[in-house]
Structure formats: C-alpha cells, structure tokens
Amino acid sequence: MSRKPKEERRDNIISSALKLFSERGFHITTIPDIAEKVGMSVGNFYNYFKSKDILAKELVVYISTYLGDEIAKINDQKISTKEKVSAIVKMYFKMAREDPEKIEYFLRVYLSNREVFGGGGCDGMLCVSPFVTELMIFFDDGVEQGNLRNQDFFSAFGLFMGYLGGMVFLFGEKILPKPLNEYEESISENIYNALRVQ
Amino acid sequence: MPYASSEKKPALIWLQGVTCNGNSHSFLNLPYLPQLLEKYEIIYHPLLEGTSTLHELVLNKAECDVLIFEGAYDPLMKRHNVSLKDIVTHYAGLAKYIIAAGSCASFGGMFKASAPERNTGLILNESEPQGPLLVIKQKVINLSGCPIHPEWLGFTLTMIADNREIPVDELNRPIELYSRLAHHGCTRNEYFEWKVDSKAFGLKEGCLFYEQGCRGPMTHASCNHILWNEVNSKTRAGTPCFGCTEPDFPRKNLFTTKTNMSIPVDIPVGISKRSYLALAGVAKTFHIKRLEGKLIDEKRNN
Amino acid sequence: MTKKEIIDHIEGEASISFDLNEDNHVDFATIVFPHFRGMEAILKGKPALDALVITPRVCGICGHAHLMATVRALESAYANAGLEITISQKAESTRELTLALEIIQNHFKWIYLVIMPELRKLVKSDEIAPVLKGAFAASIATKALAIFAGQWPHSSYMVPGGVTCDITHVERIKAEGYIDELIRFFEKDSLGMDMETFLSFETCNEFSSLDSDIGEIEKMLKEANMHTLGFAHDRFITLGKHSFTQIAKGIQTRLTPIEHKFVSTEKAYSPTDMSYAKNALYKDTYYEAGPLSRAMANQVPLIKNIHRRFKDSAYSRVIARIHETAYLLRHVKNLVQTLDLSEPSVIPPIDIDTLSGEGVGIVEAPRGPLIHRVKIEKGVIQEYEIITPTQWNIGCSTKDKLTPAQVAMKGNSISDSLFIFRTFDVCSVCTTH
C-alpha cells in the first residue's frame, strides 16, 4: 500500500511542527517557520492547514489517534488486566523517550493553552476522543472481568493518566534521577493496586 | 383473501397457564374489538362468553382453529381438574395457528419464577428452545410483552382471518411488530442523541438510558410507535422501559443502569462497544445549554 | 349430599363444594382456589424498587392498586427509618385519580361481563347482554389513566417520592376530555340519566325511573329476590386512606376507628383439596370489604337507605358498586381539574440502597383493602406479605365461624348461591398470588 505524496507531505508538516513547537515554543513558532522547515511555500502550506489554530487542533487529534491505536492494540491482546496496565505504561513511556514532541505537545500546549482549543473546535473531549474511547474500553473490560473496582470513570481516568502525565512532565524537566524505563515496574504496580478489586 | 361471509368463521380458544390475566385485560382495550370478534367464533375466553363452557372445553369437545395461550406453561397444572398438558396437546394438535400471548407464554416470563425448574414458554425457555410445543414450533407465533399490546394481537388475528402470511423473527415474533426498538419514537430521543441524562425521576427532560435503567435501545417492541392505550408509553411518562418483550424479562435492578466505571454495560442493539463509546464518550463531555435547561422554561427571555 | 361446582370467569378459577340439605339448599360451602404462583417468595431477595414492577403482575385487572400499595409500603419504610420522604399534592392526587380510574374500569367490566349476563340467566331472559359496552367503557377509563401512567395494564409510574410523569396542561386537558367522554357514555348508554341526578338518589325506589341497563339490573335483582338473599355478617371494613374513603370498621351502621396492626391472616379451611387461599381477619373476626363497605363508611345516603331496608344483601352489594362507579367518576373529574402542575412530580428521597427497616402500604383496590407489608435490608427485600380484598370476602372457614361469602351463600339454591358468590366480585389471582 503506497502512500500518496500528499499524505507524506502532511505527515512531514505534522512532525516538523511538533519539533519546532518543542524546540522554540508554541507561540513563538510561526507558519513560515514550519513551511521553511518542511521545504514548501507558505501558500502551499495553507492548502494543508488553513490556519495555525486549525493545525493546533489537528495535532491533538493526530496524537490522540496515535495513542488510541496503540492502546487498542493492547486492549485486543489476550493478556490479563494487570499485564495490560504494564503494557500501556510501557508504551506511554516509550513514546516519551523516542517521540518526546508528541507528549510534550499534549502536556505543554494542549493542556496549558485552553484558549486556543475551546470555542467549538475542541469542545469537551472531542479532539481526544480516540484516546479516551480506548481507555473506556480498557476500564469496561477490566470491571467486566472482575479485576478492576467499579467506580466513577473520571476518578479512575484521573488516577491513571494524571499519574503518567505527571511522571512524563518530571522526566521532561530532567528531574528524575533514574532513566524513565526504570520506573515502569513500580508505576504499573501502583496503578494496578490502586484500581483493582480488593 | 379475507374470509367470505358464507365461509365458516375460525374457532378461537383462549387458554391460560400460570398467569395474572393481564393479557386478557389488555386485549379488551382493542379499539376495533367488536369488529375483530365478528371474524371469529369464540369457543372459550377467560372474560368473554364463549360457545363452550370450561367443562366442555377440558373434555376435548370443542373445535379449534386458533389457539391462544396466555401464561407460563406448567406441566403439572390443572384446569377444571384436567391436566393442562392434555388440554394443550389436544387443542394445539387441532389448531392451525397457536399464539403465545405475552412473555410468560413466549419465554416463561414473570411466572417462570413460580416453578423455575419446570415452567417454560410454549416453545422457548427464556432463550433456549424448549417447551411443550417445540415439535410444532412452525405453528407457534410468539407475541411477547408483559402484557401484550392489544393491537399486536389484533394484528395477528386479523392477518390470520384474512389468510395472510405473518413472517416471524428467530424468536417466532412477527417482524412487523418486533423489528423496531422501544427506543424508536421516544419523545426523549434528542437527549439520547446528545447523552444528556435525566437527573432524577419525574422530569420530562433527559434520557432514562444512562442512569434510570431504560432498556429501550436494547428492546424489540413497538411501544413508541403503536402507543399504549392509543395515547402514551412508559418512557413518554418518565418510566424506564423494562425490556418486557425480551427473553430475559424480568431482569434485576430494573430502575438502575448497570455501569462499569460510568460506562453502560449494555448498549444499543447491534452497535459495537467501541463505536458506541467513540460517539457517546465524547458527547457526554459537551455542555449544551438548551438541552441542560428546562424544556419549557417560563422564565426565558426571548 | 355434596355437589361440586367449578367457577371460572373470576380472574381465574375456584371450586365450591356445596353440602346440601334435604330441600337442596346450601347448608355449608367449601371454597377452594387451586392455583398458586408464589409472588411473595419471588419478591424475597429482590432489590426494593423491583417490587414496583413485580407486584402489578399479581393481577391483570387491579395491578395498579398493587403498584400503589408497593410504593406506599416503600415510603412507609423510609418514614419508619427516620428518613426524609415527602410527596407533593400533585403527585398524591395523580396517584389517587389513576387508582380511581382502575376501580372504575373494573366496575364497568364486572357490571357488563359478569353481573348482567349472570342475572339474565338467573331470571331466564333470552336477551344477550351487551358485554362489549363494559370493554369499551373500561378502555376509555384506562386511556385517561394511561395519559398519566404511560400504559394500562402494568404501569410502574409510581416511585418513592412521587410519580414519574411530568405533564403539562395539554395532557391534563386530554385526560379530562376522556373522562367527560366516559361520563357521557355512562349517562347515555348505561345509566339512562344525568349522572348528577343519579348521584342525588336517596332511595332505591328512584331506580324505577331508569329505562336503561342499570335500571334493568335493578329490576332483575328484585325479580331474583336478591334483596332478600345473600346476607353476610353485616360487618364492614375500609382500610385504605384516600381522598374518597373513610377508614373505619362498621358493625351494621355503627362506625369505629381501626388500626391495621390488628389485621391477621390464617390458612383457608380446605379438608380435601389443596387450596392456596388465606382468610383475612381483623381482631380475629371476618369483615366484608369493597364498595358496600366504603359506601357505609362514607355514609352515602342512598346506600344507607338501601341498607336500612335490605341490609347487606346481594342487592345492596351490587347497587353499591354501581353507585361507586358514578361517585368515582365525579371525583376523578374533580381531581384532574384541580391538579397544580407547578408542583414537582418527584421529591427524590435518599438512595434506597441505604434503607433498612419495615413498611406497610394500604390502598383500597376495586374489591376492598389491599395491604402490602415489606421488610428491607440495605435496599433488598427480606420479606414481603400481601393481603388482598378477596381474602376478606371469600375466605373459607369451618361451620362454627363462617366467612362473609360462606354466610351469604348459606340457605340458598345452588344457582342463587353462585350468583351471590359473584356479587362479591371475586379475583382468584389476587386471593392466592
């Protein structure tokens, strides 16, 4: 299945934008900056993304879809809930190490600049839907199989994602003394112990 | 082709097993009851006068073209001191059509619980094929519901009298009546679309699916299409649908929606959980002022 | 000599063994109800709110009364546990009017499907009774009921704290329209007279002015001597608290207050066949229940006058039920007109899963008082007891202590006794549940 040049160009814009936002900051980076990095005219750029705001929202959907697909792969595996927790943590931390711009964008741009993302474009959880849906599947399966405690969705979601996001934030600030992967086991255990049926 | 007036009217027997009589009473609410009764010769009915007494009936002296059976089937039960098993076997053999009127006769229903080890429907025991008439199941039409809606029986009897085919689903229920969901036509549909739940009972706003246990999206019934008593339905009156046309009626915790981490365990018929959550999970996080406020807001400034 | 009769068309079946004396009159009657469903056992262990769906299925013709008895029992349990529980006047009136509409549909069916045909047989009339009038009238009554309750039979629209429906004037006006239609039908096709005029009758002589189904019933009752037959103990009981009742027990015309804690049950007497019925008693005594009792407790002038002349004969029993139909139609119309729609439909109480304790719910069902007693532990039913009106009227006991139906049938021919039996408006499914 060969990918069309147009799709490749789009992916290029996305990865370049993420890198620049990570290096220089979201507000400082301009469209001409991104276009230059990709090697296209500004006019042509607007054929792919009509404005910086639209690009900003599309990036959230892109990252959520990526994360959603990864979690879906884990959800579909015939492994225990405990093993799934470990797999999700591992996947998330791997992305933090190898593709840091993605998670950084999510934590430092999406969560921190709500004024960019509200107002109809990314209402509620609209843009992060693919990611949230897969977490819902994970929780639903876990309770159905009798492994996770039945509780309010947001209590569980906040515990899982808040914890991971916090660890990745500390990692990004270079505060963690040990390499990120050395925390995977204890963090997975903490999450599973907090959520499981007692 | 409808029966010509010179032809003999089909003989109708209405027999009861373990029942509350709800289906008999519901049938009496049929708007065109007098006209329907003209098409049949009523041999026996629990409320209306028939040409045969109960005694004559159980002595197997009556004719039968259409047998209606109401209530759960209990093989040990007797009617007028005669074994129900014998009565049913005899008349089911004579009849061209057998109608299970209600969920008890269709699946066991409420009164399967009276003797769970032996009570069943005519051809189904909940959703398992089992029952006294299983060998002649092609003659049996299940009109499940607790009770049946009079028009469902009116439809079936009229189609039979007119010699028309009645295609049925895998549970032997007429597809014309049971293809819709109880959900279709509910006046709260917009709240379902945008996942706005009803905060409590007694409010016309909000959908009863998310918290109040409504089984509408999972139940095959025409309640919001053919209204009850020609005027209303449970959900329009703020009561959740209890899924009474399905083999698992009655379930438990009928006024509460079972959730796993706030995610409904049962979702609309035929839709994958992933698809449902992708749509529903997101929609639940929206705040739509019009749908969250009162429907008829007297303090509204125009 | 003993003769056994099996009776149907009584919401099920019953068999009566008549011990006859030398001139073939009933000396003693043993009443047996053979069918049983175990509703009280089915309710054990169920979540408390599920009872609102299960108990209506005790009976297809009076299920709505069971619904109200259940919700009252649950609310009583809340109150006894010291938990906050109130319902608005709108909710209370809505419950009252739908309950009354169920009583009305019941009476129309009984008049046309049971009494008229049976009376015609008794007086050897060849005319076929217009039974479908009863079905038609009942369907209009239940239409009005369904505007509030969603459907009839088997609504579950009453919940602790109120009712689930949240209507506007559009629905209220529609309900009133159906009630008016029913009143017009009653006046034109049943009563043959303006209903208000009928309700102002003081004596039974005024019935002779009626050239109608009701007029004919009254004539046939006298023709069959029912004003001289069918006497029970002349003791009455009304237990349900409603806007249309007075709670009292009556010994002849003397009314005294009562407390439901003195109600008890015993197994019905059945020496040979298995009967699943029970007898209901108040302070160890049998009382008659139903429209005649309610009318005596309300001191309705017409009924008091009829009682003065004909005591608690089969005639009095039938006329009382006919009168109650008109009485309730007027009452229901008034309730619908005065509903205050600005009040809340439900005032939600605390989550029922926190409720442990006992409660009692009592309503007047079509045939008399219906009592539900419930014991709940953390929102789950531990025990459930149902005492039905037919257990008051159609109990079966030994010769030394006859129940109302047994006394009423004693001394008559079998055919008269069978008619008298039906004047109590028998409900087999309720008796045995």
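# Reading salt bridges, interfaces and cysteines

Modeller: B:Asp248 is partly exposed, with 37% relative accessible area, in a model that is predicted.

Biologist: With which residue does B:Asp248 form a salt bridge?

Modeller: The general idea comes before the case. Side chains of opposite charge can pair when their charged atoms come close. Here the partner of B:Asp248 is B:Arg251, and the closest N and O atoms of the two are 2.9 Å apart. B:Arg251 is partly exposed too, with a relative accessible area of 30%.

Biologist: How many salt bridges does the structure hold over all chains?

Modeller: The count over all chains is 54. One of them pairs the side chains of A:Glu70 and A:Lys73, at 2.9 Å from N to O.

Biologist: How far apart are A:Glu70 and A:Lys73 along helix H4 of chain A?

Modeller: A:Glu70 and A:Lys73 are three residues apart in that helix, which spans residues 52-76, so about one helical turn separates them. A:Lys73 is exposed, at a relative accessible area of 52%.

Biologist: Which side chain meets C:Glu75 in a salt bridge?

Modeller: That of C:Arg95, with 2.9 Å between N and O. This pair links distant parts of chain C: C:Glu75 belongs to helix H3 (residues 63-80), C:Arg95 to helix H4 (residues 89-122), and the two are 20 residues apart. Both C:Glu75 and C:Arg95 are buried. Bridges can also share partners, and in this way B:Glu49, C:Glu118, C:Lys121 and C:Arg422 are joined into one network.

Biologist: Now the interfaces. Which chains share the most contacts?

Modeller: Two pairs of chains are in contact, and chains B and C share the most contacts. Chain A and chain C are joined by no contact, and their closest C-alpha atoms lie 16 Å apart.

Biologist: What area is buried between chain B and chain A?

Modeller: The size of an interface is often given as the accessible area lost when the parts come together. For chain B and chain A that area is about 1,600 Å², and carbon and sulfur atoms give 62% of it. On the side of chain B, the residues that lose the most area to chain A are B:Asn260, B:Met261 and B:Arg274, together 44% of what that side buries. In residues, 14 of chain B are in contact with 24 of chain A.

Biologist: How many salt bridges are there between chain B and chain A?

Modeller: The count is three. A:Asp76 and B:Arg274 meet through their side chains in a salt bridge, with N and O 3.5 Å apart.

Biologist: Which elements give two or more residues to the side of chain B that touches chain A?

Modeller: They are strand E10 (259-260) and helix H9 (273-283) of chain B. The largest share, six residues, comes from H9(B). By class, this side has seven nonpolar, five polar and two charged residues.

Biologist: What area do chain C and chain B bury between them?

Modeller: The area is about 4,500 Å², with 60% of it on carbon and sulfur atoms. In this interface, 57 residues of chain C are in contact with 54 residues of chain B. The number of salt bridges across it is four. B:Glu230 and C:Lys143 form a salt bridge at 2.4 Å from N to O. Polar contacts across the interface of chain C and chain B come to 25 residue pairs.

Biologist: Where does the largest share of the side of chain C that touches chain B come from?

Modeller: It comes from H5(C), with ten residues. The residues on this side of chain C divide into 30 nonpolar, 14 polar and 13 charged.

Biologist: Last, the cysteines. Which residues does a disulfide join?

Modeller: A disulfide joins A:Cys122 to A:Cys127, with the sulfurs 1.9 Å apart. The count over all chains is one. The link is left-handed, with -90° about the S-S bond. A:Cys122 and A:Cys127 are both buried. By contrast, B:Cys146 is in no disulfide, and the nearest cysteine sulfur, in B:Cys244, is 5.7 Å away. B:Cys146 is buried, with 10% relative accessible area.

Terms used:
Residues are numbered from 1 along each chain as its sequence is written. Chains are lettered from A and ligands numbered from 1 in the order in which they are written. This is a predicted model: local features need pLDDT of at least 70, side-chain atom pairs count only at pLDDT 80 or more; totals for chains, interfaces and linings use all residues. Side-chain values use heavy atoms; hydrogens and water are left out. Helices (H or I, at least four residues) and strands (E, at least two) are DSSP runs, numbered from the N terminus. Buried means under 20% relative accessible area, exposed over 50%, partly exposed in between (1.4 Å probe, protein chains only). Contact means heavy atoms within 4.5 Å. Buried area is the accessible area (1.4 Å probe) that two parts lose on being put together, summed over both. Ala, Val, Leu, Ile, Met, Phe, Trp, Tyr, Cys and Pro count as nonpolar, Asp, Glu, Lys and Arg as charged, and the others, Gly among them, as polar. A disulfide is a pair of cysteine sulfur atoms within 2.5 Å. A polar contact is a pair of N or O atoms within 3.5 Å; within protein, one must be able to donate a hydrogen and the other to accept it, and residues adjacent in sequence count only if both atoms are side-chain atoms.
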